[in-house]
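User: I'd like to learn how to read helix packing and salt bridges off a model. Could you walk me through it?

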Amino acid sequence: MSLSVVWVEAGLDDLRLDLNGLCRLAGVQQAWLQERLALGLLPARDGSRPEGWQFDAADLRRVRRLAGLERDFDAVPELAALVADLEDELAGLRAALRRLGGPR
């Protein structure tokens, strides 16, 4: 018997998750996620029911980062969001510096 290998390429930029999928992949409870959404610490969703919300790879990264900061440093949600925002800003500035030929 021979086996064939089929490679499937899927870009994370094309990732679309519902509320349950995001919670499962991020390892958080729905109540935790909905609280962060209500606090404005995650990108706003339209007024539709939570069952219709769609999340992407950037949302997944942010949710994982917030959960990690809260867990590892016992940070309140707002502080975790501030640290995540600052890390994103720093990464963007470093990328811009590299594009300009600055230090690596």
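Analyst: An axis here is a line fitted to C-alpha atoms, for helices over the stretch in contact, and angles run from 0 to 180 degrees between N-to-C directions. Helices (H or I, at least four residues) and strands (E, at least two) are DSSP runs, numbered from the N terminus. This is a predicted model, where local features need pLDDT of at least 70 and side-chain atom pairs count only at pLDDT 80 or more, while totals for chains, interfaces and linings use all residues. Residues are numbered from 1 along each chain as its sequence is written, and side-chain values use heavy atoms, with hydrogens and water left out.

User: How many helices and strands does the protein have?

Analyst: Four helices and zero strands, so the pattern along the sequence reads α-α-α-α.

User: How do I read the packing of helix 1 and helix 3?

Analyst: Two packed helices are described by the angle between their axes and the distance between the axes. Here the axes of helix 1 (residues 19-26) and helix 3 (residues 57-73) come within 9 Å and cross at roughly 45 degrees. That makes the pair oblique (under 35 degrees is roughly parallel, over 145 roughly antiparallel, 65 to 115 roughly perpendicular, the rest oblique). Leu-22, Leu-25 and Ala-26 of helix 1 make the contact with Asp-59, Leu-60, Val-63 and Arg-64 of helix 3, contact meaning heavy atoms within 4.5 Å.

User: And what about salt bridges?

Analyst: Side chains of opposite charge can pair when their charged atoms come close. The rule used is a side-chain nitrogen of Lys or Arg within 4 Å of a carboxyl oxygen of Asp or Glu, and the count comes to five. One of them joins Arg-71 and Asp-72 (3.1 Å, N to O).

User: Which residues are linked in a network of salt bridges?

Analyst: Glu-35, Arg-36 and Glu-70. Arg-36 pairs with Glu-35, their closest N and O atoms being 3.2 Å apart, and Arg-36 also meets Glu-70 at 2.5 Å, N to O.

User: Is Arg-36 buried or exposed?

Analyst: Buried, with a relative accessible area of 5%. The cut-offs are under 20% for buried, over 50% for exposed and partly exposed in between (1.4 Å probe, protein chains only). Glu-70 is buried too, while Glu-35 is partly exposed at 41%. Arg-71, at 61%, is exposed. Across the protein, buried residues make up 30% of the 104 residues.
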